[in-house]
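Visitor: Could you take me through one part of this structure slowly? I'd like a close look at a spot where the two chains meet, and then a sense of what surrounds it.

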Amino acid sequence: MERALLRVFVLIGAVFMATACSSNSAARQNDPLYGWNKGVYAFNKAADDVVVAPAARAYRTVIPKPGRDGVRNILNNLRSPVIFGNELLQGKFGRAGKTLARFGINSTVGLAGLFDVAKRNGIERHVEDAGQTLAVWGVGSGPYLMLPILGPSNLRDATGFVLDIGLEPMTYARFNGRRAILAGRFGVNGVSVREANLDTVETLREVSVDGYASLKSAYEQLRANAISDGEVNIDDLPDFDDFEDEE
Amino acid sequence: MRVVQKVIIAAFAAVAVWATPVLAAQQDEDFVRVKANEALAILADDTLGQKAKADRFRSYVDEVTDVPRVARFVLGKYARGADPKQLATFTEVFRQYASSVYESQLGNFGGETLKVLGSKDRKPGDSVVSSVISGGQIEEPLTVYWRIRTRNGQQKVLDVQVLGIWLALQQRNEITSVIANNGGDIGAAIAVLNNKIASQDFDAQEGASISN
């Protein structure tokens with residue numbers, strides 16, 4: 001299955017690299033892979049319109065909210081080792097301790113993560129990944145990069161995505177049906193995330209005047225926000241008195 | 001005696017210099033507390049019809065935000081050397097677009113309250129106030145940051161960050177992309193915004209397009 005997926009990605013890549021070479025790169029200084037990105041964006045949007053969003057709507061229709069929350073909780077709990085590892089790598093030991101406590105509480109009292117008992121007791125969830133870890137270590141974002149199916153990213157975050165596989169316990173598990181479980185988890189997670197964002201995405205599409213630029217801008221801002229753990233760095237804000245500054 | 005006098009004056013001067021940013025920050029926090037709760041009150045006012053509510057919200061946006069400055073910011077580098085008439089047209093269309101977007105997206109609010117958490121001065125007359133909105137229709141408390149600019153004692157909102165996204169910055173990235181894709185023509189952005197205003201399906205007068 002992994003080889004088949006790889007072949008599909010390579011095929012898509014070949015098509016979009018061709019469009020990248022022929023695209024107009026004027027005013028795209030901050031998006032050197034514009035041609036590729038725009039092509040993958042179109043592909044992802046079509047896949048979303050035809051497959052992902054309908055699946056997410058069906059999921060919302062069939063499964064009541066408590067059930068969907070339970071699924072979300074289980075998936076979040078399964079992600080805890082990756083978050084924990086990245087928090088340690090970033091030196092955020094207090095947060096790592098909370099993530100470990102959440103994992104312990106929710107995996108036991110929370111019935112394998114079905115219920116977020118830790119949150120009810122004031123231990124809030126954090127999210128960290130290897131892309132954020134690389135950023136904390138001083139690695140630049142690199143060019144913006146749209147990935148087939150996975151969506152918006154950049155060179156650093158795409159690298160982080162691969163590195164996170166190394167922090168995932170299931171990577172090292174060996175039993176029959178492991179790949180099916182991994183594929184199922186990937187699919188359910190995608191549908192669950194899309195369902196949670198159905199209204200937000202619809203709103204963004206309603207108000208946006210440029211869907212591609214909107215997604216890129218939102219991704220870049222959200223990642224900066226995640227890297228700073230939600231803190232606003234006032235020195236990074238643009239100057240409104242100098243509105244002629246570069247894009 | 002003169003030495004004592006100088007020391008006292010210097011001490012007061014030092015306190016004044018130290019206290020000025022604090023007072024400025026406090027004023028900006030008060031501004032956000034009052035004005036944001038005014039917005040929430042307008043949105044929650046069920047005695048107003050949709051059009052009356054939209055009119056009041058539009059007046060409110062004009063009062064609390066520096067629309068011409070935000071509009072120029074949104075144009076980015078294309079504001080430089082722009083035709084003044086086209087700039088004025090863009091500013092008016094942008095004002096309508098922003099109002100209609102906020103009205104349509106904030107229309108489901110009701111019963112929320114805002115609490116100011118603190119503020120940071122970026123430089124004199126430029127601060128960021130943090131707040132949290134909770135209650136009403138919101139499941140999880142929502143952190144909102146407000147960028148406040150003060151000139152001649154008058155405070156205006158320049159940008160608002162919700163769920164990690166600065167709205168004016170988001171709009172600049174979209175608008176400049178539209179202009180870049182149309183050979184640097186601001187008229188293209190005006191046309192796109194006019195289409196968006198029309199599609200928001202507000203009252204016919206606001207929906208009417210403004211040509212460049």
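Guide: "Meet" here means contact: the C-beta atoms of two residues, placed from the backbone, lie within 7 Å.

A quick word on what you're looking at. This is a predicted model, where local features need pLDDT of at least 70 and side-chain atom pairs count only at pLDDT 80 or more, while totals for chains, interfaces and linings use all residues. Residues are numbered from 1 along each chain as its sequence is written, and chains are lettered from A, with ligands numbered from 1, in the order in which they are written.

Back to our two helices. Helices (H or I, at least four residues) and strands (E, at least two) are DSSP runs numbered from the N terminus.

Now zoom out to the whole contact between the chains. Chain B puts in 33 residues and chain A 23. On the side of chain B, α5(B) gives the largest share, nine residues. By class, that side of chain B has 14 nonpolar, nine polar and ten charged residues.

What do the chains look like on their own? Chain A has eleven helices and two strands, in the order α-α-α-α-α-α-α-β-β-α-α-α-α. Chain B has seven helices and five strands, and its order is α-α-α-α-β-β-β-β-β-α-α-α. Of the 247 residues of chain A, 27% count as buried; for the 212 residues of chain B, the figure is 33%. Buried means that 20 or more other C-beta atoms lie within 10 Å of a residue's own, exposed means 12 or fewer, and partly exposed is in between, with C-beta atoms placed from the backbone.

Stay with chain B and look inside. The largest nonpolar core has 41 residues, and B:Val74, B:Phe90, B:Phe94, B:Ala189 and B:Leu193 touch the most other members. Such a core is a set of buried Ala, Val, Leu, Ile, Met, Phe, Trp, Tyr and Cys residues joined through C-beta atoms within 7 Å. Leaving out neighbours within four places in sequence, B:Ala189 is in contact with B:Phe90, B:Ile175, B:Val178 and B:Ile179. Another core, of seven residues, lies apart from it and includes A:Tyr34, A:Trp36, A:Leu145 and A:Met146.

Helix α3 of chain B holds B:Ala71. Why does B:Ala71 count as buried? Because 24 other C-beta atoms lie within 10 Å of B:Ala71. Beyond four places in sequence, B:Ala71 is in contact with B:Phe90, B:Thr91 and B:Phe94. B:Phe57 sits in helix α2 of chain B, residues 50-64, and is buried because it has 20 other C-beta atoms within 10 Å.

Last, how far should you trust the picture? The predictor gives the complex an ipTM of 0.82 and a pTM of 0.83. Chain A averages a pLDDT of 87, with 86% of its residues scoring at least 70; pLDDT is the predictor's confidence in each residue, from 0 to 100. Over residues 1-27 of chain A the pLDDT is below 50. For chain B the mean is 82, and 81% of the residues reach 70 or more. Over residues 15-21 of chain B the pLDDT is below 50, and that stretch has one contact beyond near neighbours in sequence. Where pLDDT is low, the predicted coordinates should not be read in detail.

Technical notes
Nonpolar A, V, L, I, M, F, W, Y, C, P; charged D, E, K, R; others polar.
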